[in-house]
Amino acid sequence: MSHYHIKDLEQYYQAYRKSVSDPEIFWDEIASDHFLWRKKWDSVLEWDFSKPEVTWFKGAKLNITENCIDRHLTTLGDKTAILFEPNNPEEAAQHITYKELSQRVNKFANVLKQQGIKKGDRVCIYVPMIPELAISVLACARIGAIHSVVFAGFSAAALSTRINDADCKMLITADGAYRGAKTIDLKGIADQALELCPGVASVLVIKRIDAEINMKQGRDQWLAPLLVNASDQCVPEIMDAEDPLFILYTSGSTGMPKGMVHTTAGYMVYTAYTFKNAFQYTEDDVYWCTADIGWITGHSYIVYGPLANGATTVMFEGVPSYPDYGRFWDIVQKHKVSQFYTAPTAIRALAKEGTDLIDHYDLSSLKVLGSVGEPINEEAWHWYNDHIGKKKSPIVDSWWQTETGGIMITPIPYVTPTKPTYATLPFIGIQPAIMDENGKELIGNRVEGRLCIKYPWPSIARTIWGNHQRYKETYFSLFDNMYFTGDGALRDEVGYYRITGRVDDVIIVSGHNLGTAPIEDAINEHPAVAESAIVGFPHDIKGSALYGYITLKDNGESSHHDKLRKEINQLISDRIGPIAKLDKIQFTDGLPKTRSGKIMRRILRKIASNDTANLGDISTLLNPEIVQEIISSALET
Ligand code: WTA
């Protein structure tokens with residue numbers, strides 16, 4: 001019997017045990033019974049973490065859009081696939097059926113082909129949360145082009161870096177974006193980026209806000225007229241199981257963002273399987289994930305996972321605060337949402353607004369609440385449980401990463417008993433390990449350390465685009481024969497996992513991963529800056545916020561400091577995006593350094609968190625005297 005739909009705890013344990021003792025048989029059954037293959041695989045899994053190399057379903061042939069769209073047409077053709085809720089609540093929602101989605105994806109795919117895009121070409125998608133974003137992703141997959149979606153909140157510089165790293169031939173963008181009461185000049189940002197991207201031969205522009213924009217002759221074209229003449233039939237490109245499906249960038253501790261490469265078959269099987277179970281999706285449910293498709297959560301759990309299950313997936317263009325903080329609940333009521341998946345930062349922001357607005361809405365359709373992106377604190381967990389779930393909807397605190405492709409540790413709602421702030425148990429097929437600092441696995445319960453995964457799962461990213469060495473160094477070299485997550489975790493007395501947060505220099509601000517190095521690079525570009533160090537500190541709503549310690553070439557008048565602060569944040573905004581702006585900037589005469597010249601961030605983190613009672617041993621520093629100085633001037637910041 002296949003364990004595609006887990007219905008009780010006994011079945012979870014059975015499936016889990018089988019997935020560990022006979023992983024190949026287990027995944028062979030899941031993949032055989034629930035997907036459409038043009039050709040079955042020759043082997044289920046081949047792997048070697050020392051290279052590292054992972055191959056799932058070798059030799060299989062398929063197209064993921066046949067699985068997400070075509071195969072549902074006979075039974076679910078008239079069912080809503082994508083339910084689009086616009087930024088402006090006065091604008092009508094759109095119910096895009098599977099039939100219509102099929103036509104729109106095929107038309108778009110034919111346009112891509114006419115523009116010369118072929119299997120393996122990279123297409124960058126810089127589009128707000130409108131249906132065309134999902135459609136362009138699927139259109140790429142239809143013809144075997146590799147999509148690289150860049151979140152539409154990123155700056156021109158960040159966009160150009162990503163376009164060039166993946167050597168994209170085409171950019172798909174929009175004339176602008178709505179964001180609450182504001183509009184964003186997306187095309188203007190794209191134009192600026194493209195000045196640095198000679199490889200982009202064509203740009204397709206979606207009309208959304210009717211803005212006056214610049215169209216560059218010979219490069220830019222409006223999408224709509226091209227679609228009119230395109231056929232709504234497009235034979236899918238038959239892909240190999242391990243052909244790349246997409247690249248998605250994520251921040252690293254150091255250097256350039258990493259273009260994580262996900263391949264076709266394993267990603268499809270795992271995102272579909274986790275979607276079905278982590279949300280207990282059943283046929284008439286309306287599922288809503290509030291993430292943006294610019295992030296992995298949107299790729300896996302707005303687009304591919306839900307559509308592979310024939311689900312109705314909501315896409316929301318706007319923000320939780322527009323026109324007021326009741327908007328999420330308005331949407332839940334209006335569309336009778338059954339599963340609601342969001343981030344702790346959104347929960348905290350909404351909790352701050354009290355419960356009056358919530359009381360106006362009927363939330364009785366909700367059955368499952370999800371949380372993702374960062375550890376959910378106890379207070380937020382209870383608020384979510386009490387006021388949104390009314391203590392009857394289990395909270396799925398799902399831990400995973402861009403690199404893992406799908407949910408890794410999570411309760412299965414109505415199956416796994418939940419516990420506040422715990423992601424609870426590994427999903428089926430996932431074998432976590434908690435490691436100590438010396439690389440020894442901590443066996444048994446009541447242990448805490450670094451979180452690794454010791455066995456491959458189908459949707460693990462296969463490499464970093466163009467830099468396999470970095471992939472190996474980042475994820476497979478700290479611990480022998482293990483994938484290292486970058487997170488800390490503990491296992492409690494019953495074997496439940498709690499994620500304790502990043503143990504590297506990635507800081508999660510409002511659920512967005514930010515690496516410290518690119519932000520420091522941006523700051524250091526300011527002519528007045530000598531050196532800088534960024535750390536995270538606790539923030540009520542954002543979870544973590546950024547604290548920058550900056551030394552100036554010439555400390556000068558402190559009356560200039562406010563002006564400098566503004567300029568520095570503007571630089572960060574230009575280079576990376578507004579999400580990376582610093583909440584606090586402290587100018588200091590020096591930074592604490594080890595004798596080898598490394599900045600001691602551990603100390604800076606403690607000062608930023610106002611936790612200076614126990615700074616540990618600072619005697620080994622090159623300049624121990626600077627610590628007291630920073631503490632004293634921190635009080636004034
Ligand atoms: C963090 C998002 C605690 C974690 C899907 C991870 C979490 C990083 C949780 C990946 C959770 C994600 N509890 N921490 N439920 N979910 N994280 O790549 O630090 O944007 O490594 O993927 O977010 O973020 P990413």
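H147 stands opposite F246 in strand 14. This is a predicted model. Strand 7, residues 146-149, pairs with strand 14 in the parallel sense, over two bridges. Strand 14 itself covers residues 244-250, and six of its seven residues are buried. Strand 14 also pairs with strand 15. Here the two run antiparallel, joined by six bridges. P244 has T263 of strand 15 as its bridge partner.

Now place these strands in their sheet. The sheet is open and has eight strands, in the order 12-11-8-6-7-14-15-23. Its pairing is mixed. In general, strands of a sheet pair through backbone hydrogen bonds, either parallel or antiparallel. Look along the order to strand 8 (residues 170-174) and strand 11 (residues 202-206): they pair in the parallel sense over five bridges. Within that pairing, M170 has S202 of strand 11 as its bridge partner.

What stands at the edges of the sheet? Strand 12 (220-222) and strand 23 (463-464) do. Each has a single partner strand, so one side of each is left without a neighbour in the sheet.

Return to strand 15, residues 258-263, and pick out K258. Is K258 buried or exposed? Its relative accessible area is 5%, which is under the 20% cut-off, so K258 is buried. Leave aside the neighbours within four places in sequence, and K258 is still in contact with a list of residues. Among them are L248, Y249 and T250. E403, I464, R470 and Y475 are also on the list. Next, follow the chain from K258 to V269, 11 residues apart. Their C-alpha atoms are separated by 24 Å.

Step back to the whole protein. It has 20 helices and 30 strands. The radius of gyration is 24 Å, close to the 26 Å that the globule rule gives for 637 residues, so the protein is as compact as a globular protein of that length. Along its principal axes, the C-alpha trace spans about 75 × 65 × 55 Å. Buried residues make up 60% of the 637. Consider contacts between residues at least 6 apart in sequence: 71% of these join residues at least 24 apart.

The surface comes next. The protein exposes about 24500 Å², and carbon and sulfur atoms supply 48% of that area. There are 65 positive and 79 negative charges. The mean positions of the two sets are 2 Å apart.

Finish with the backbone. Most residues other than glycine have a negative phi, and most peptide bonds are trans. Some places here depart from that pattern. A cis peptide bond joins K51 and P52, with omega about -20 degrees. P52 sits in the loop between strand 1 (43-48) and strand 2 (53-58). The bond from Y322 to P323 is also cis, with omega near -5 degrees. P323 is in the loop between strand 17 (312-316) and helix 12 (327-335).

K391 has a phi near 60 degrees and is not a glycine. It lies in the loop between helix 15 (378-388) and strand 20 (395-397). K391 is exposed, with a relative accessible area of 62%. S510 has a positive phi of about 50 degrees, again without being a glycine. Its loop runs between strand 26 (506-509) and strand 27 (512-515). S510 is partly exposed, with a relative accessible area of 24%.

How values were computed: Residues are numbered from 1 along each chain as its sequence is written. This is a predicted model: local features need pLDDT of at least 70, side-chain atom pairs count only at pLDDT 80 or more; totals for chains, interfaces and linings use all residues. Side-chain values use heavy atoms; hydrogens and water are left out. Helices (H or I, at least four residues) and strands (E, at least two) are DSSP runs, numbered from the N terminus. The radius of gyration is taken over C-alpha atoms; the globule rule is 2.2 Å times the number of residues to the power 0.38. Buried means under 20% relative accessible area, exposed over 50%, partly exposed in between (1.4 Å probe, protein chains only). Contact means heavy atoms within 4.5 Å. Accessible areas come from the Shrake-Rupley method with a 1.4 Å probe; for residues, only the protein chains shown count as cover. Lys and Arg count as positive and Asp and Glu as negative; His and the chain ends are not counted. The place of a charge is taken as NZ of Lys, CZ of Arg, CG of Asp or CD of Glu. Two strands pair if DSSP finds at least two bridges between them.
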